[in-house]
Amino acid sequence: MSRPIKKVLNKEVRNFWEKNPVAAEGIKAAPGTPEFYEVFDAIRESDDCEPYDFSDLIHGYSFSKNKFVLDVGCGNGYVLSRYAMKGAKVFGVDITQRAVDLLQKRFELANLSGKFLTTD
């Protein structure tokens, strides 16, 4: 009997992202280092990607103090860190432990707090 397609796809997706955290291949610094997050954030906020002011307009970081924010598929925590910097209470979930580890390291380096979980 074959396994349900959802379980197969979830495993394949999880395995891919465990091995390939977002943008890690294009960044020379090791994932989890301060340099990695600096380069990642610069790429993310570049004019040809999503400048911070535009990201703030979409996400509303500036108006999130004391609000609860859940990010599903939080990756290395760029978006959640922006909310946390503005005083939001943040919660993140991701399908991979690697992403959650990178997210926790980002928050640790920035002295931010949040709650994070690995789940699909």
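This is a predicted model: local features need pLDDT of at least 70, side-chain atom pairs count only at pLDDT 80 or more; totals for chains, interfaces and linings use all residues.
Mentor: Residues are numbered from 1 along each chain as its sequence is written, and side-chain values use heavy atoms, with hydrogens and water left out.

Trainee: Why is Glu 50 called buried?

Mentor: Buried means under 20% relative accessible area, exposed means over 50%, and partly exposed is in between (1.4 Å probe, protein chains only). Glu 50 has 16% relative accessibility, so Glu 50 counts as buried.

Trainee: What makes the link between Glu 50 and Ser 55 a polar contact?

Mentor: A polar contact is a pair of N or O atoms within 3.5 Å; within protein, one must be able to donate a hydrogen and the other to accept it, and residues adjacent in sequence count only if both atoms are side-chain atoms. The side chains of Glu 50 and Ser 55 make such a contact at 2.8 Å.

Trainee: Why is the pair Asp 41 and Arg 82 called a salt bridge?

Mentor: A salt bridge is a side-chain nitrogen of Lys or Arg within 4 Å of a carboxyl oxygen of Asp or Glu. For Asp 41 and Arg 82 the closest N and O atoms are 3.0 Å apart. Asp 41 is in helix H2 and Arg 82 in helix H4, so the pair ties together parts 41 residues apart in sequence. Helices here are DSSP runs of H or I with at least four residues, strands are runs of E with at least two, and both are numbered from the N terminus.

Trainee: How do you know whether Arg 82 is buried or exposed?

Mentor: Its relative accessible area is 9%, so Arg 82 is buried. Arg 82 also forms a salt bridge with Glu 45, with the closest N and O atoms 3.3 Å apart. Glu 45 has a relative accessible area of 26%, so Glu 45 is partly exposed.

Trainee: What makes Glu 108 exposed?

Mentor: Glu 108 has 53% relative accessibility, so Glu 108 counts as exposed. Glu 108 forms a salt bridge with Lys 105, their closest N and O atoms being 3.2 Å apart. Both residues lie in helix H5, three residues apart, about one turn of the helix.

Trainee: Why do strands E1 and E3 stand at the edges?

Mentor: Two strands pair if DSSP finds at least two bridges between them. Three strands form an open, parallel sheet in the order E1-E2-E3. E1 (68–72) and E3 (115–118) each have a single partner strand, so one side of each is left without a neighbour in the sheet. E2 and E3 pair over four bridges.
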